[in-house]
Amino acid sequence: MFDPSQMHLATGAIHVGHSIDPATGAVVQPLITSTTFARDSEGHLVPGRDIYTRASNPNRRSLEEKLAWLEGGSEALAFSSGQAAAYAVFQSLGTGSHVLLPSDLYYNTKLLVEQVFSSWGLTYTSVDMTDLEATQAAILPNSRLIWIETPSNPQLRITSIPEIVQMAHEKGLYVVCDNTWATPYCCQPLSLGADLSMHSTTKYLGGHSDILGGVLIANDKTDVSWWQQLKQIQTLGGGVPSPFDCWLLQRSLCTFPIRMQAHCENAQLLAHFLEEHPAIEAVYYPGLVSHSSHSVAQKQMTRGFGGMLSVLVHGSEKEALAVAQRLQLFTHATSLGGVESLVEHRKSVEGIHSVSPDNLLRVSVGIECIDDLIFDWAQALNTTKPII
Ligand SMILES: *Cc1c(COP(=O)(O)O)cnc(C)c1O
């Protein structure tokens with residue numbers, strides 16, 4: 001048998017956490033929907049057998065094994081959504097703790113801390129983590145954790161993971177990296193020293209915009225008692241994915257590396273096209289030499305720069321919305337990471353407290369043929385009416 005540590009990403013994505021079903025010979029792991037599992041004739045637990053699905057289930061165990069492997073970690077905890085995974089992290093910190101959040105991040109992570117955890121006495125500071133001095137200065141005596149999101153949503157800021165880790169660990173703080181946008185294809189935060197990697201598996205790992213899920217991943221350097229506590233929040237709190245969602249996600253992961261390669265290639269080409277277009281004021285994509293943190297991105301994003309980019313359309317909100325409306329292959333909808341391309345006017349989605357620029361469109365570049373995607377942008381931007 002191949003040792004998983006010797007497998008390349010595309011091989012492990014198919015084979016890790018997978019075995020031929022001994023009972024039936026099924027090549028694909030059967031979906032086990034049972035919530036409960038039999039004891040032996042004496043009433044004893046059967047070694048290796050699950051007890052009750054909230055605690056563990058065969059489909060979830062093999063999914064967690066694969067997710068841990070993909071991320072270069074040792075163990076994973078699957079949740080019913082990305083938010084449930086983030087929830088577990090903040091829940092584990094205890095009352096009176098303080099956390100550092102990036103100033104540009106997934107909007108609902110901030111809302112979770114601000115609106116749900118404020119009544120538990122959790123406080124936070126938003127800081128631009130590309131500014132290491134400002135980050136250092138934001139650490140308080142009761143700070144427990146630095147939350148990184150890189151590339152950030154929606155401005156594609158790049159945070160240097162090793163530098164934040166060093167700063168955090170000197171002061172005894174944990175580092176959690178929301179790796180949803182970069183994915184383990186592009187970036188492996190645990191190998192750069194982060195204590196936990198977190199994902200909304202709803203996005204690239206699921207890849208088809210049809211499964212909600214989340215995951216936390218640890219390696220053998222992660223604080224064991226903290227990890228046990230997170231596991232307890234998963235199994236007692238019960239924010240776990242259904243066996244069917246685990247089964248579907250397991251299936252999606254088989255094609256994850258090959259999908260991600262296509263996302264990265266398409267996004268890089270579309271970013272170059274848009275950067276040259278006179279109707280576009282700016283393109284935020286870490287794979288462009290013009291990106292303010294391109295060199296940091298090159299160091300920590302090893303296989304590509306991801307499938308997400310944002311553009312500022314010349315003009316205001318009105319012009320940006322008109323472009324989104326004229327696009328035909330890019331559906332105007334929230335979310336990201338599916339095989340189909342999406343575009344979104346982020347400010348309208350985030351609401352009145354949004355700090356996203358008025359003329360920003362966030363683009364999830366799908367895996368359609370790049371010629372068609374570029375053609376679609378060309379027709380949407382080259383209108384007879386000047387849009388400036
Ligand atoms: C979507 C997303 C989340 C939240 O995940 P859900 O699965 O929607 O709960 C968290 N972080 C990032 C970066 C995301 O894109």
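Modeller: Let's go through the sheet strand by strand, then turn to the helices.

A bit of housekeeping: residues are numbered from 1 along each chain as its sequence is written, and side-chain values use heavy atoms, with hydrogens and water left out. This is a predicted model, so local features need pLDDT of at least 70 and side-chain atom pairs count only at pLDDT 80 or more, while totals for chains, interfaces and linings use all residues.

Seven strands form an open sheet with mixed pairing, in the order β1-β7-β6-β5-β4-β2-β3. Helices (H or I, at least four residues) and strands (E, at least two) are DSSP runs, numbered from the N terminus, and two strands pair if DSSP finds at least two bridges between them. At the edges sit β1 (75–79) and β3, each pairing on one side only.

Now for β3 and its partner. Strand β2 (residues 98–102) runs parallel to β3 (residues 123–127), with five bridges between them. Along this pair, His-98 stands opposite Thr-123. With helix α4 (residues 107–116), these two strands make a right-handed β-α-β unit. Right-handed means that, with the strands pointing away from you, the path from the first strand over the helix to the second runs clockwise.

Elsewhere in the sheet, β4 (residues 143–149) and β5 (residues 174–178) are also parallel, joined by five bridges. There, Glu-149 has Asp-178 as its bridge partner.

Helix α2 (residues 58–70) packs on the sheet and touches β1 and β7 (214–218), where contact means heavy atoms within 4.5 Å.

Note on methods. Axes fitted to C-alpha atoms, helices over the stretch in contact; angles between N-to-C directions.
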